[in-house]
Amino acid sequence: MIFIKLNKKLNSIKKGERVIEIEKKILVIDDNKDICTTIKGYLKNYNYIVDTVQEYKEALNMLNKEFDLIMLDIMMPGMDGIELCKIIRDKVNCPIIFISAKILEEDKIEALSVGGDDYITKPFSFKELKARIESHLRREERLKNKKFYMLSSGNVVIDVLSNEIFCNGEKLKLTKKEYRLIKFLAMNKKIVFSKEKIFNNVWGVNSESYLETVTECIKNIRKKLKILDEANSYITTVYGRGYKWEVKNEK
């Protein structure tokens, strides 16, 4: 797993202009020392400062620090990346990329359902690894440089920065859990999630609430959306499997 932290420095150049030099610090956490050494050697060629750690407890001790991106290896002894992600996601908002030899669709869905933003299948090229890292960092930088960031689906618009959701221009009055549930499903459109997956992501694995609260929460969301948009249901029930976010004729 890889943590990336960016430290920005401003330096003067000709004509009074100023540029930003970005120093990227990377921590690789993997129980395989050879993998750590190889990744470190490759990324150093692109001016990354790379440290390596080979056990998950040291990663947990780093949660009090601020990072811009986290990359998790799934299969690790003691605590796998899925369980570690559940802990991390409650504490950070940065992108999380999974790397894994697991190639089944359900494995990818599980990784996304616990808070992952991306999934890279092993074996992968180092060029792809570097491209994924840079892509997520650029996107995060654009978010920081914008006053608002909007996610649109059908007639629903989610303002990620202000934690507000609008339907046909009207702001929805939502509880925190309703907001998180809509955001989670909308950001993973057309992927079916079981009630258990939704509960773990929105309420958390240590929540004392009951699983039935997922059904009640979705029922309330549907009522609120229906008042402002009768043409779309948004949250679709897939019988025997769970729920997904889906809008008619949306690509």
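Figure 1. Glu-246 is partly exposed, at 29% relative accessibility (buried is under 20% relative accessible area, exposed over 50% and partly exposed in between, using a 1.4 Å probe and protein chains only). Lys-244, at 16%, counts as buried. Their side chains meet in a salt bridge, 3.4 Å from N to O (the rule: a side-chain nitrogen of Lys or Arg within 4 Å of a carboxyl oxygen of Asp or Glu). A word on what you're looking at: this is a predicted model, where local features need pLDDT of at least 70 and side-chain atom pairs count only at pLDDT 80 or more, while totals for chains, interfaces and linings use all residues. Residues are numbered from 1 along each chain as its sequence is written, and side-chain values use heavy atoms, leaving out hydrogens and water.

**Figure 2. Arg-89 and Asp-117, a pair that links distant parts of the chain.** The two side chains meet in a salt bridge at 3.0 Å, N to O. Arg-89 is buried at 19%, whereas Asp-117 is partly exposed at 33%.

Figure 3. Glu-134 and Lys-130 pair up through their side chains at 3.0 Å, N to O. Both residues are in helix α5 (residues 126-145) and are four residues apart, so about one helical turn separates them. Glu-134 is partly exposed at 23%, and Lys-130 is buried at 17%. In another spot, Asp-118, Glu-128 and Arg-132 are linked in a network of salt bridges. The total count of salt bridges is ten.

**Figure 4. An open sheet of four strands.** Follow the strands in the order β7-β8-β9-β10, with antiparallel pairing (strands pair if DSSP finds at least two bridges between them). β7 (150-153) and β10 (170-171) are at the edges with a single partner strand each, so one side of each has no neighbour in the sheet. Take a look at β9 (residues 164-167): two bridges join this strand to β10, and they run antiparallel. Cys-167 has Glu-170 of β10 as its bridge partner.

**Figure 5. Helix α6 against the sheet and against α8.** Helix α6 (residues 176-186) lies across β7, β8 (156-159) and β9, running at about 110° to β8 (axes are lines fitted to C-alpha atoms, for helices over the stretch in contact, and angles run from 0 to 180 degrees between N-to-C directions). α6 also packs with helix α8 (residues 212-228) at about 85°, their axes 10 Å apart. That makes the two helices roughly perpendicular (65 to 115 degrees, with under 35 roughly parallel, over 145 roughly antiparallel and the rest oblique). On the α6 side, Lys-177, Glu-178, Leu-181 and Ile-182 make the contact, and α8 brings Cys-217, Ile-218, Asn-220, Ile-221 and Lys-224 (contact means heavy atoms within 4.5 Å).

**Figure 6. The whole protein, zoomed back out.** The protein has eight helices and twelve strands. Of its 251 residues, 42% are buried. Among contacts between residues at least 6 apart in sequence, 52% join residues at least 24 apart.
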